[in-house]
Amino acid sequence: MNTLILSSSLSENSRSYLLCKAVEQELVSKGNNITFVDAKEIPMQPFHREKSDQMKALSEQIEKVDNIIIGMGVHCYSINDSLKVLLEGCFGKATGKFFGILCAAGGERSYLVTQHLTQICMNEWRMMQLPRVVYATGKDFTEDTITSKEVLERIELFSEEFHTIGNKLLA
Ligand SMILES: Cc1cc2nc3c(=O)[nH]c(=O)nc-3n(C[C@H](O)[C@H](O)[C@H](O)COP(=O)(O)O)c2cc1C
C-alpha cells in the first residue's frame, strides 16, 4: 500500500508533525510505502496564483498514491491556513481516496474541528475517512516527544486500522 502523509503545519515546533512521524513509523513497520510530505518545505501560493514546482509535485504524488493521511493543527476553530492552500491547490486528483486525520490543538474543546477537514474532503472529492481521529493537545507532549499513553495507544490503533482498511480497499 502506498500512503502519502502530509504534515500541513508550518510551525518549527509542530506537534501534528510529531503525530505524522509516529504514524509513519507504525505504517513502515507494517510494510507500507510512505511518501512523507512536510508543508514547511513547500513554497505556497493561494489558488489564483501560479503554483510552485513543489505544489505541482504534491498534486502528482497525490494522484499516484493509494491513500492519504493528513496532519493538521487547529487554528481559530478551523483547519490551519497552509492546509487550506494545499487542499485547494493540490488535491484535485484525490477523488475517492481513503484518508485519515491526525490533529494537534491547544485545548480539548476544539476536537470537532477535524470535521471541517472531513467536510472538505468528502464533499469536494468524495474521499472516504477512517472513522478514527488522533487528537492531541499540549499536555500530551513533553517538548518534542509524545508522552501520553492514551495518545500513543490511539496512534497504534489508528495505524492498525488504516493499514487493514486501506489494504482491503485495494483488493
Ligand atoms: C493562530 C492560531 C490559532 C489557534 N487556534 C486554536 C483553536 O481555535 N483551538 C485550539 O484548541 N487551539 C488553537 N491553537 C493552538 C494550536 O492548535 C496548537 O498550537 C497546535 O499544536 C498547532 O498544531 P501544530 O503544532 O502542528 O502547528 C491556535 C494556534 C494558533 C497559532
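Two strands are taken to pair if DSSP finds at least two bridges between them. Strands (E, at least two residues) and helices (H or I, at least four) are themselves DSSP runs, numbered from the N terminus. The structure described here is a predicted model, in which local features need pLDDT of at least 70, side-chain atom pairs count only at pLDDT 80 or more, and totals for chains, interfaces and linings use all residues. Residues are numbered from 1 along each chain as its sequence is written.

Under this criterion, strand β3 (67–75) runs parallel to β5 (98–105), the two being joined by seven bridges. Within this pairing, Ile68 stands opposite Phe99 of β5. Strand β3 also pairs with β1 (2–7), again in the parallel sense, over five bridges. Ile5 faces Ile69 of β3, and the bridge partner of Leu6 in β3 is Ile70. A further pairing, antiparallel and of two bridges, links β3 to β4 (78–79), with His75 standing opposite Ser78.

Burial was assigned from C-beta atoms placed from the backbone: a residue is buried if 20 or more other C-beta atoms lie within 10 Å of its own, exposed if 12 or fewer, and partly exposed in between. Strand β3 is largely enclosed by the rest of the structure, because eight of its nine residues are buried. Strand β1 is mostly covered, with five of its six residues buried. Strand β1 pairs in the parallel sense with β2 (residues 33–38) over six bridges, and Leu4 stands opposite Thr35 of β2.

Contacts were assigned where the C-beta atoms of two residues, placed from the backbone, lie within 7 Å. Leu18, in helix α1, counts as buried because 24 C-beta neighbours lie inside 10 Å. Beyond its neighbours within four places in sequence, Leu18 is in contact with Phe141, Asp144 and Ile146. Leu18 and Ser7 are eleven residues apart in sequence, and their C-alpha atoms are 8.9 Å apart in space.

The largest nonpolar core has 46 residues, a core being a set of buried Ala, Val, Leu, Ile, Met, Phe, Trp, Tyr and Cys residues joined through C-beta atoms within 7 Å. Leu19, Val23, Cys103 and Val134 touch the most other members of this core. With residues up to four places away in sequence left out, Leu19 touches Gly71, Leu102, Ala104, Val134, Ala136 and Ile155. In helix α3 (residues 81–90), the buried residues are Leu83, Val85, Leu86, Leu87, Gly89 and Cys90. The elements covering them include β1, α2 (53–64), β3, β4 and α4.

Gly73 lies in strand β3 and is buried, with 23 other C-beta atoms within 10 Å. Apart from residues up to four places away in sequence, Gly73 touches Ser9, Ser11, Ser14, Ser16, Asn80 and Ala104. A separation of 17 Å lies between the C-alpha atoms of Gly73 and Arg132, which are 59 residues apart along the chain.

Tyr77, in the loop between β3 and β4, has a phi near 55°, a positive value in a residue other than glycine. Tyr77 is exposed, since 11 other C-beta atoms lie within 10 Å. Arg126, in the loop between α4 (114–125) and β6 (128–137), likewise has a positive phi, near 50°. Arg126 counts as exposed, with 11 C-beta neighbours inside 10 Å.
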